[in-house]
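Hello,

Here is the structure for your set. My notes follow it.

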There are 2 protein chains.
Amino acid sequence: MMAEMNQEEQDQLNEELLLKALHDDNIMEFREEFLHLHPYDQARFYIKIEPDERLKIYRYLSPKEVSDFFEVLDIEDSEYKDILAEMVPQYATDMLSHMYTDNAVDVLNKLDKLQAASYLTIMNKESAQEIKDLLHYEESTAGSIMTTEYIAISANQTVRSAMHILKNEAPTAETIYYVFVIDDDRRLVGVISLRDLIISNDDTMISEIMSSRVVSITVDADQEEAANQMRDYDLLALPVVDFQNHLLGIITVDDIIDVIDEEASDDYSKLAAVMDVDTPDKNPFSAAKKRLPWLIILLFLGMFTASLIGRFEDTLNQVSILAVFIPLIAGMAGNTGTQALAVAVRGIATGELEEESRWKLVLREGGTGLITGSICGLLVVIVVYLWKGELFLGFLVGISILASLFVATLAGTLVPIIMHKLKIDPAVASGPFITTMNDLTSILIYFGLATLFMSYLVH
Amino acid sequence: MMAEMNQEEQDQLNEELLLKALHDDNIMEFREEFLHLHPYDQARFYIKIEPDERLKIYRYLSPKEVSDFFEVLDIEDSEYKDILAEMVPQYATDMLSHMYTDNAVDVLNKLDKLQAASYLTIMNKESAQEIKDLLHYEESTAGSIMTTEYIAISANQTVRSAMHILKNEAPTAETIYYVFVIDDDRRLVGVISLRDLIISNDDTMISEIMSSRVVSITVDADQEEAANQMRDYDLLALPVVDFQNHLLGIITVDDIIDVIDEEASDDYSKLAAVMDVDTPDKNPFSAAKKRLPWLIILLFLGMFTASLIGRFEDTLNQVSILAVFIPLIAGMAGNTGTQALAVAVRGIATGELEEESRWKLVLREGGTGLITGSICGLLVVIVVYLWKGELFLGFLVGISILASLFVATLAGTLVPIIMHKLKIDPAVASGPFITTMNDLTSILIYFGLATLFMSYLVH
C-alpha cells in the first residue's frame with residue numbers, strides 16, 4: 001500500500017512540475033522531466049492539459065518524441081481529428097511517419113478520408129507507401145492489426161551476421177525478440193527467438209537452430225483467430241502471410257491484448273444490449289442514445305407479447321389468478337435462455353465449438369433444459385400447492401415452466417448457432433432480445449395450456 | 001485458406017504418425033516426431049490419447065520433456081489429480097520441479113493437500129522451497145501468478161558482464177527480455193530491456209542506461225490490476241515487490257493474457273448467471289448442476305413477485321386487462337436494469353470508474369433512466385391509445401414504464417457500486433438477478449398506480 005501511495009504522490013508531483021515548466025516556458029526542465037516518463041504517462045499528461053498548453057509541447061518536442069506517446073493515446077476515435085489539427089500539417093505528418101506503421105494506420109483510419117489523404121500527400125514516399133499498403137486491409141482482420149516493422153533474415157547465414165542485422169534494425173523494429181527466416185522469394189521458412197540466438201555459438205548457421213514449424217496466420221483471417229493462436233502458443237509475435245506463404249508482417253502481443261479486451265467487452269456489451277460498454281458516456285443523452293435503439297425494438301417485441309395475452313382475455317376474465325404467475329414463467333424462461341445463449345456465444349467466439357460438435361451442443365442443451373425444467377417445475381407444484389392449496393393450478397404452472405425452460409434453452413442455443421451459420425455475429429442475439437423472445441413463447445405455452453384445461457380451473 | 005488446410009492436414013498426419021510410432025513401440029521415431037512439435041500441440045496430443053498410451057510416453061520422454069507441454073495443458077482442474085497419478089511419484093515430482101515455478105504452483109493448487117505435500121516431500125530441497133514460497137500467496141493476487149525465474153543484475157556492472165549473466169541464465173529464466181536491476185538488499189532500482197542491452201556499447205555501465213522509473217506492483221495487489229498495468233504500459237514482464245520494494249518475482253505477459261481472458265469470461269458468465277461459461281460441459285447433468293443454483297434462487301424471487309401480484313387480486317378481478325401489460329413493463333425494467341448494470345460492472349472492473357466519479361455515474365444514469373423512460377413511456381401511450389382506444393390505460397402503462405425504467409436504471413447502477421464498496425465482486429449481481437429484482441419493483445409500481453386510480457379504469 002505504501003509503495004502504491006508513493007507512486008500516486010509521485011505522479012501528482014510530476015504533473016505539477018511539468019505544468020510549472022510549461023507555464024514558465026522552461027523548455028529544458030520540461031524536456032528533462034517529460035522525456036523521463038513512460039510513454040503511457042506522457043500520453044496521460046498530454047490529454048489532460050488544455051489545447052493551448054499542447055501547442056507549447058509541439059514546440060518543445062520533436063515529431064519523433066511526440067510519436068512515442070501518440071501511439072498509446074487513450075482517447076475516443078472522434079477526438080483524433082481535432083488533436084491532429086492542433087499541429088501544423090508537416091509536423092503531424094512527420095509525427096505519423098515516426099509511429100509504427102500499424103499504429104499510424106490505426107490513427108489515419110479514425111480521420112475522414114480527406115484529412116488522411118492530405119497527410120499522406122506530404123509524407124515521404126517510403127512511409128506513405130507502407131501505410132497505404134496496410135490501409136487496404138479490412139477491419140478486424142489479421143492484416144489490419146499487423147505491422148511491417150519486423151526483422152527478417154535468410155537461413156544460410158550465421159548467428160553472428162544475424163545478430164549484426166538485429167542490432168542495426170533494433171531501433172526501428174516493433175519487436176526484436178523473434179527473428180523471421182525467409183527464402184529468396186520472401187516466403188516464410190522459419191523462426192528463431194532472440195533467446196536462442198543469444199545462447200547459440202556465433203558461428204552456428206541459422207538453418208541449424210531455427211524452428212521450421214512456424215505458427216502463422218493468413219492475412220484475411222479474423223483478428224480473434226490471431227488472438228486465440230497467440231494465447232494458445234504463448235507467442236510474443238505472430239507472422240502474417242499471404243496464400244503463397246509470403247511474409248507480409250507480424251502481429252505483436254500488445255495489439256493482441258487490445259483485441260482480446262475489445263472482443264470480450266464487445267460480447268459483454270451485446271449480452272447486456274448496450275452498444276460499446278467500455279466507451280464512457282459524458283452525459284445522460286449520449287448514454288440514452290446508445291441504449292434507446294435496443295429498448296425501442298424490445299418495446300415493440302413486448303407489445304407483441306402483450307397483444308398475445310390480450311387474445312386470452314376471456315381466459316383471464318374467468319380465472320384472474322392466472323395473471324399472478326405471468327412474470328414468474330416469463331422470467332424463468334428468460335433466465336434459462338440467457339444462460340444457454342451465453343454458453344453458445346462464448347463457445348463460438350473462443351472457437352471451442354467446432355462445426356461437428358454444434359449439434360451435440362443442441363442435444364446436450366435440450367437435455368439440460370429438460371432437467372432444469374423438471375426440477376424447477378416440480379418445486380413450483382409444491383410451492384403453489386402449499387401456498388394456494390391448489391393442486392391443479394400448481395400442475396398447470398409447473399408444466400408451463402417445464403415446457404418453457406425446455407423451449408427457452410433450445411432457443412438460446414439454436415439462435416446463435418443459426419446466426420453464426422448465416423455469417424451474422426451471434427453476439428447480436430443479445431440477452432434481452434432472447435429474453436423478450438422467450439417471454440412470448442412461454443406466455444403462449446402458459447395461456448395455451450390454461451385455455452385448453454379451463455374446465456379444471458374454474459370451480 | 002489453402003495454407004490453413006495444409007496446416008490441418010499436417011496436424012492430422014502428425015497425429016497418425018505419432019500414434020503409429022506409439023503402437024509400434026518405435027521410440028526413436030516417436031521422439032523425433034513429438035519433440036519437433038510446439039508444446040501446445042504436444043499437449044493436445046497428450047490429452048487426446050488413452051491413459052495406457054500415455055504410460056508409454058512416460059517411458060519415452062524425460063520428466064523435463066514432459067514438463068515442457070505439461071505447462072500448457074488445457075484440462076479441467078479436477079483432471080490433474082488423475083493424470084499425475086498415472087506417473088510414478090518420482091517421475092511426477094521431477095516433472096514438476098522442471099516446470100516454471102509459477103506453473104508448478106498452479107498445478108499443485110489443483111491437487112488435494114495430501115497429494116501436493118507428497119510430491120513436495122520427495123522433491124529436491126531448492127525447488128520445493130521455491131514452490132512453497134509461492135504456494136502462500138492468496139488466489140487472484142499478483143503473488144499467485146508471479147514466477148521467481150527472472151534475471152536480476154546490479155547497477156554497477158557493464159553491459160558485457162550483464163550479457164554474460166543473461167546468457168548463463170537464459171535457459172532457465174521465464175523471460176530474458178527484461179533484466180531487473182537490484183541493489184545489495186535486493187531492492188528493485190531499475191529495469192533494462194534486452195533490446196537496450198543489445199544496442200548499447202559493451203563497456204557502458206548498467207546504471208547509465210537502465211530506466212530507474214520502474215512500473216511495479218505489490219505482491220498482494222489484485223491480478224486484474226497487474227493486467228491493467230501491463231496492458232496500459234505495454235509490458236512483457238511486470239516486477240512484483242513487497243512493501244519495502246524488494247523484488248520478489250515477475251509476472252509475464254502470457255499469464256496476463258490468461259488473466260484477462262479469465263476475468264472477462266467471469267464477468268460474462270455472471271451477467272448470464274452461469275457459472276464458468278468457458279469450461280465446456282460433458283453432459284446435460286453437469287450443465288444443469290451449474291445453472292440450477294441460480295435458477296432456484298431466481299425461482300423463489302419470482303415466487304415473491306407472484307405473491308405480490310396476488311395481493312392485487314381484487315384490482316385484477318375488476319380490470320383483467322391490466323394483466324396484458326405485465327410482461328411488457330417487467331421486461332422493459334429488466335432490460336434497462338441489465339444495461340445499467342453492465343456499464344457499472346465493466347467500469348469497476350477496468351478501473352475506469354474512480355471512487356470520486358461513482359456518484360457522478362449514479363446521477364448520469366438517473367438522467368439516462370429519465371430520458372429512456374420518457375421516450376418509451378410516450379411510445380406506449382401512443383400505441384395503447386391506437387390499439388385499444390384507451391387513453392387512461394395508456395397513460396397508466398406509460399407512466400409505469402417511465403417510473404420503472406428510472407428505478408431500474410438506478411438500481412442497475414447502485415447495486416454493483418454498493419457491492420463493490422462492501423468488497424463483494426459486483427459481477428455477482430448478475431443480469432437475471434437484477435432483472436428479477438426489477439420485475440418486482442416494476443410490478444409494485446404498476447399495480448400500485450392501478451389500484452390508486454382504479455376509479456378511472458373501471459367504466
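The notes below cover chain A as a whole, two loop residues in it, and one serine of chain B.

This is a predicted model, in which local features need pLDDT of at least 70 and side-chain atom pairs count only at pLDDT 80 or more, while totals for chains, interfaces and linings use all residues. Residues are numbered from 1 along each chain as its sequence is written, chains are lettered from A and ligands numbered from 1 in the order in which they are written, and side-chain values use heavy atoms, with hydrogens and water left out.

Chain A

Chain A has 23 helices and six strands; these are DSSP runs numbered from the N terminus, with helices being H or I of at least four residues and strands E of at least two. Its radius of gyration is 30 Å, well over the 23 Å that the globule rule gives for 459 residues, so chain A is more spread out than a compact globule. That radius is taken over C-alpha atoms, and the rule is 2.2 Å times the number of residues to the power 0.38. Along the principal axes, the C-alpha atoms of chain A fill a box of roughly 95 × 60 × 50 Å.

Of the 459 residues in chain A, 55% are buried (under 20% relative accessible area; exposed is over 50%, partly exposed in between; 1.4 Å probe, protein chains only). In chain A, 68% of the contacts between residues at least 6 apart in sequence join residues at least 24 apart, a contact being heavy atoms within 4.5 Å.

Two positive phi values

Most residues other than glycine have a negative phi. A:Ser140 has a positive phi, near 70°. It sits in the loop between α10 (125-135) and α11 (142-145) and is partly exposed at 29% relative accessibility. A:Arg186 also is not a glycine and has a positive phi of about 65°. Its loop runs between β2 (178-182) and β3 (188-193) of chain A, and at 40% relative accessibility A:Arg186 counts as partly exposed.

Chain B

B:Ser200 is in the loop between α13 (194-199) and α14 (206-209) of chain B. Is B:Ser200 buried or exposed? B:Ser200 is buried, with a relative accessible area of 18%. A polar atom of its side chain lies 2.6 Å from the backbone oxygen of B:Asp196. Leaving out residues up to four places away in sequence, B:Ser200 touches B:Val159 and B:Ile209.

Regards

Terms used:
Polar contact = N/O pair within 3.5 Å; in protein donor to acceptor, adjacent residues only side chain to side chain.
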